[in-house]
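Q: I am new to this structure and would like to learn how to read its features one at a time. Could we go through them together, starting from a single residue?

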Amino acid sequence: MAEAVESALGDKKHLVVEAGTGTGKTLAYLVPALMSGKKVVVSTGTKNLQEQLFFKDVPFLQQHFDRPLMVSYMKGRNNYACRQKIYDAERQAVFAGLGEVADFQIIQDWEKTTEFGDRAEIKTLPEHSTAWAKVDARRDLCSGQKCPQFERCFLTKMHQRANESDILIVNHHLFFADLALKDEEFAGILPEYWAVIFDEAHEIEDIAGQYFGVSISSYQFQELRRDVAVISRVKRFGTPELDRTLERLEELSSLFFESLPGTEGRAAFQNRRAFLNDYYADLLAALELTASHLKLIHDAPEEVTPMMRRTHELSEGLKFILENDDRAYVYWMERRGRGTFLQATPIDVSTVLAARLFEKLDCVILTSATLAVAGDFSFIQKRLGLESARTLIVPGHFDYQQQALLYVPQHLPDPRDPAFTKSAANEIIRLLELSRGRAFVLFTSYQQMRLIYDRVSLEVEFPTLMQGTGPRTALLEEFRTTPNSVLFATAAFWQGVDVPGDRLSCVIIDRLPFAVPSDPVVEARIANVRESGGNAFYDYQIPQAAIALKQGFGRLIRSRSDRGVLALLDNRITRNRYGQVFFDSLPDYAFAMKIEKVEEFFDV
């Protein structure tokens, strides 16, 4: 793989590499990137992987280079502290309750000694601290170069390090936020670079879709109202008239979002034109009036400029989602907790990525443990608009025949049958007894997870954890440190989770992970494939599910000493012809259809 990456960089060619778990793919792309003499961006799927590269892999490599390695990392602005906000907060009472005050004390002490200003450095700050949101460096209130702390700003220093670096480590969200800004002819977030390497590249389509679309939420209106009110008091430009305008803005945004249809979850935003009503017109007028007030402030403080930009962005975003007829987008909405989110997502990102990424850069390298479908890369290349690229599959070096058993019970009903839930719960209980807990039970839906958890947790003697009952990191830590525990989870735990050793000895998946066809984005992409003359099931749904299944099963065998059972409770994989695509995409596991084989495996 290292030779293929070196060659792609030298020959100015794009490259797609599937490299199995444990093959050392991070070193295989970092070494040639460091030796290339070019400025290379490495984009990862998560901030955790960013930190692993920067704090673990790069220091290891430094021991083997006789020159200092010029490497830095960049995260989104809300990961960094804003020094000016911290100093302002010392003088003004902006924190509510003793918890926030205590958290602020931790932040205050840390700010005096930190070099990077990165939130991840503060191990003693609670994960969901509300105090952090009041002092982070998001752009909503940033006055840029006019800020008194600009020279000492953590973002300024981050950009300086990035400019001086040969390798810049970012995450996919930041990379595509930058690419979308450049698309709009704004100054980008990242410095100029020559090549990009995407790790966990199977996530690119969905993340690119988020950033090349438009998103508006009810929370953005509440935050705008709150921020203008706070700044107007602190900077003393508030008036009774401005207060009334802000109250009216919040009232009208509530009326507008409450008038929209829908229950909890995601749904297509149908009949959008029907909502071009008085609520909508009044809300746009309230945004315009807010902007006018801000524009007329005499000797306006620097914070007013980003406020005006936000009112404009909210207005334009609303107009795009409700009035736009561009068929290249799918328009949908989501109600989540108290928030309502309106979205316009590109149905097909391949043309955007082809024009903005693959045609602009001499070398783009995509890698992941899950990119090929039955040994072929054409699905991922077509979805991303990557027409010509070199390809390579680096086989995993684990002995899957000895280390892993794939078990598909034949006696269970079809997962679409109402009797499946009870039968699946009973099968999971049997499997957990054989594995002595030590399992992930992964589901394609929250509802199914909760139903089966309620049945299984009462019947087994092992500690059971369920996604949603605590922060993801806390649940994982509890799983790792609690002997014989069982974690019930959905898509959030299918990838990027690493539990080597015998604490995880069984992964159970309830059904083949086909994307929910009623999801508005999936539905639009299925329709798009059909309209283009393709077979949506074979050309889109099966390849996508095969990659997702590989991700789920990839949680189990993480080292040469790992052993375990992979159980798929969906026997359509053995009964339908398309099941062969899944088998051809998975490693060469030992295979069983009877639970006695599972018993033998765990008795060894």
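Q: Is Asn-79 buried or exposed?
A: This is a predicted model, so every value here is computed from predicted coordinates. The general idea is to ask how much of a residue's surface remains accessible, and a residue is called buried when the relative accessible area is under 20%. Asn-79 has a relative accessible area of 9%, and therefore counts as buried.

Q: Where does Asn-79 sit along the chain, and which residues does Asn-79 touch?
A: Asn-79 belongs to the loop that runs between β3 (71-73) and α4 (83-91). Leaving out residues up to four places away in sequence, Asn-79 touches Lys-47, Gly-117, Asp-118, Arg-119 and Trp-132. With one of these, Lys-47, there is also a polar contact from side chain to side chain, at 2.9 Å.

Q: Which residue makes a polar contact with the side chain of Asn-324?
A: The partner is Tyr-331, whose side chain makes a polar contact with the side chain of Asn-324 at 3.1 Å. Asn-324 is found in the loop between α12 (304-323) and β8 (329-336), and with a relative accessible area of 19% it is buried, because the cut-off is under 20%. Not counting residues up to four places away in sequence, Asn-324 touches Arg-272, Lys-319, Tyr-329 and Tyr-331.

Q: How should I read a nonpolar core, and which residues touch the most other members of the largest one?
A: In soluble globular proteins, nonpolar side chains tend to be buried together. Here the largest nonpolar core has 83 residues, and those that touch the most other members are Ile-107, Phe-175, Phe-176, Phe-198, Leu-353, Leu-357 and Leu-366. Apart from this core lies another, of 44 residues, among them Tyr-540, Ile-542, Phe-553 and Leu-566.

Q: What does Phe-175 touch?
A: Once residues up to four places away in sequence are set aside, Phe-175 touches Val-41, Ser-43, Val-170, Leu-190, Tyr-193, Val-196, Phe-198 and Leu-357. Phe-198 and Leu-357 are also listed with Phe-175 among the residues that touch the most other members of the largest nonpolar core.

Q: How do helices α2 and α3 cross?
A: A pair of helices can be described by the approach of the axes, the angle between them and the hand of the crossing. The axes of α2 (residues 25-35) and α3 (residues 47-62) come within 11 Å and cross at roughly 65°, and the crossing is right-handed. Thr-26, Leu-27, Tyr-29, Leu-30, Val-31 and Leu-34 are the residues of α2 that meet Leu-53, Asp-57, Phe-60 and Leu-61 of α3. Sorted by class, this contact has eight nonpolar residues, one polar and one charged.

Q: How many residues of α2 are buried?
A: Eight of the eleven residues of α2 are buried, and the helix is mostly covered. The buried ones are Lys-25, Thr-26, Ala-28, Tyr-29, Leu-30, Pro-32, Ala-33 and Leu-34. Just after α2, Gly-37 takes a positive phi of about 75°.

Q: Is Phe-377 buried or exposed, and what is Phe-377 in contact with?
A: Phe-377, in the loop between β10 (363-368) and α14 (378-384), is buried, with a relative accessible area of 5%. Leaving aside neighbours within four places in sequence, Phe-377 is in contact with Val-16, Glu-18, Leu-371, Ala-372, Thr-391, Leu-392 and Ile-393. Phe-377 and Glu-302 are 75 residues apart in sequence and 50 Å apart in space, C-alpha to C-alpha.

Q: Is Glu-151 buried or exposed?
A: Glu-151 is exposed, with a relative accessible area of 58%, and is found in the loop between α5 (97-111) and α6 (154-164). Setting aside neighbours within four places in sequence, Glu-151 is in contact with Thr-156 and Lys-157.

Methods
Residues numbered from 1 in each chain as written. Predicted model: local features only at pLDDT ≥ 70, side-chain atom pairs only at ≥ 80, totals over all residues. Heavy atoms only, no water. Helix = DSSP H or I, 4+ residues; strand = E, 2+ residues; numbered from the N terminus. Buried < 20%, exposed > 50% of the residue type's maximum accessible area, 1.4 Å probe, protein only. Polar contact = N/O pair within 3.5 Å; in protein donor to acceptor, adjacent residues only side chain to side chain. Contact = heavy atoms within 4.5 Å. Core = buried A, V, L, I, M, F, W, Y, C linked by side-chain atoms within 4.5 Å. Axes fitted to C-alpha atoms, helices over the stretch in contact; angles between N-to-C directions. Left-handed = near helix turned anticlockwise from the far one by under 90°. Nonpolar A, V, L, I, M, F, W, Y, C, P; charged D, E, K, R; others polar.
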